Amino acid sequence: MDAFQLTLYSLLTVAVLFACGRLVLGKTYDWVLRGRQNVDYFQLSGVPPPKPLPDFDVDKAKARPYRPFRWSYHQTMSLKKMEPDYWLELESTYRERIAQRKELYEKHGKKIIDALPGSELACRELMEMAIQFLCVRYPNQFQFDGRVLYNRILNTQSYVEKEDPLVVLNDNVPEDFLLTLPGPKTGLYTMVAGVCCSSLGWNVATKIGKPLREIHDVVPDYKEKMEFSMDRFFSKMPTDKPIQRGSWGLEVGQPLWLQDDDPHFALRTTQDPNLKIEDIYLRVDWQTLRRLPRSNSIVFNFKALFTPFSSFRNEPYIPHLVLKVLTEGKNNLMEYKGTRHVEHKAVPALQKWCREQEEKGWVPENWEVRTLDEDPYYPGWKEGGY
């Protein structure tokens with residue numbers, strides 16, 4: 001091969017690799033090269049792009065079985081490194097959840113979406129990052145031409161230059177986002193904007209404008225054990241080290257957005273003797289926290305996932321862990337978590353399932369309960385097709 005042929009071959013190879021790169025990364029390079037936006041947020045933040053899912057079917061997709069149970073159980077941030085592929089996770093409830101979110105916003109307005117002056121850059125940056133992620137992770141479901149986001153699941157279009165960025169998020173992403181920035185006078189991180197459709201006992205209107213310490217004033221042991229470390233963590237958090245964690249509770253049914261004055265809220269204060277096991281659900285709020293590279297805002301986002309409580313029966317070690325927390329957890333933490341209304345049914349069922357798992361050899365007899373090595377999952381969880 002002479003020099004000319006070698007050069008031509010090299011150029012063709014580069015061209016092919018570039019074209020393949022565009023296919024692998026979906027619309028990332030389209031985002032960079034077309035339209036008004038010219039920011040590659042993956043590069044700017046230092047967080048790598050997610051692996052594309054070209055064969056993704058939202059109607060068959062299952063959320064991973066998050067089981068963030070710990071023992072010993074005490075109040076900590078319990079942070080883990082965020083997995084870049086799962087910043088925003090779509091699964092089979094997508095259509096239902098987006099419909100619920102739109103209905104909630106239409107009905108409750110600023111209790112669902114609001115933003116303070118000065119948060120405009122952060123809100124738009126968050127929207128752009130979410131769109132970029134969706135187009136790379138789910139290339140057949142989302143496309144963006146620089147002005148319009150095309151949602152192929154819902155057959156909708158969002159005109160990003162004309163619409164409120166938080167409304168665009170609410171119409172396309174089944175997750176909640178709370179944005180914080182340092183207060184100009186105190187330097188304390190304060191909630192300046194949010195879109196939230198899955199809160200229990202609070203809403204955007206009750207939290208916006210408040211610093212972290214006031215937002216968490218109802219959380220047991222927050223002031224004594226977490227306030228200082230949280231403030232310090234927020235002030236030093238880099239853009240390339242987002243984190244994730246999970247919180248959980250047990251609910252009657254699947255309440256997504258529940259306020260104190262809702263009749264369903266009363267179910268959380270009493271024990272119904274006729275409650276059925278099949279009516280109890282695990283609710284996990286899977287959360288991530290990251291700093292935006294341009295606005296310097298720190299964004300907290302979370303997604304509510306519901307699983308039938310009866311699923312624990314076939315999940316090794318989970319009944320033992322949950323039983324330990326429910327029966328021996330610190331009283332003020334358990335009152336805050338709000339599980340008392342189902343414990344009269346949940347505890348006997350868990351005791352039965354613990355015995356079953358020991359008899360089957362899934363769990364050793366007299367196993368000393370502890371946080372699992374697979375946390376936040378359980379042994380063998382991948383065999384469920386997740």
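This is a short tour of a predicted model, stop by stop. Residues are numbered from 1 along each chain as its sequence is written, and side-chain values use heavy atoms, without hydrogens or water. Local features need pLDDT of at least 70, side-chain atom pairs count only at pLDDT 80 or more, and totals for chains, interfaces and linings use all residues.

Colour the chain by pLDDT, the predictor's confidence in each residue, from 0 to 100. The average is 88, and 86% of the residues score at least 70. Now select residues 1-36, where the pLDDT is below 50. Beyond near neighbours in sequence, this stretch has 34 contacts (heavy atoms within 4.5 Å) in the model. Where pLDDT is low, the predicted coordinates should not be read in detail.

Next, select helix α5, residues 120-137.

Show helix α4 (residues 94-108) with helix α6 (residues 165-172): their axes come within 7 Å and cross at roughly 140°. The axes are lines fitted to C-alpha atoms over the stretch in contact, with angles from 0 to 180 degrees between N-to-C directions. On the α4 side, the contact is made by Y94, I98, R101, K102 and Y105; α6 supplies V167, N170, D171 and N172.

Finally, pick T190 in strand β7 (residues 189-195). T190 is buried, at 13% relative accessibility. Leaving aside neighbours within four places in sequence, T190 is in contact with L179, T180, L181, G183, G209, K210 and P211.

Key: Helix = DSSP H or I, 4+ residues; strand = E, 2+ residues; numbered from the N terminus. Expected span 1.5 Å × (residues − 1). Buried < 20%, exposed > 50% of the residue type's maximum accessible area, 1.4 Å probe, protein only.
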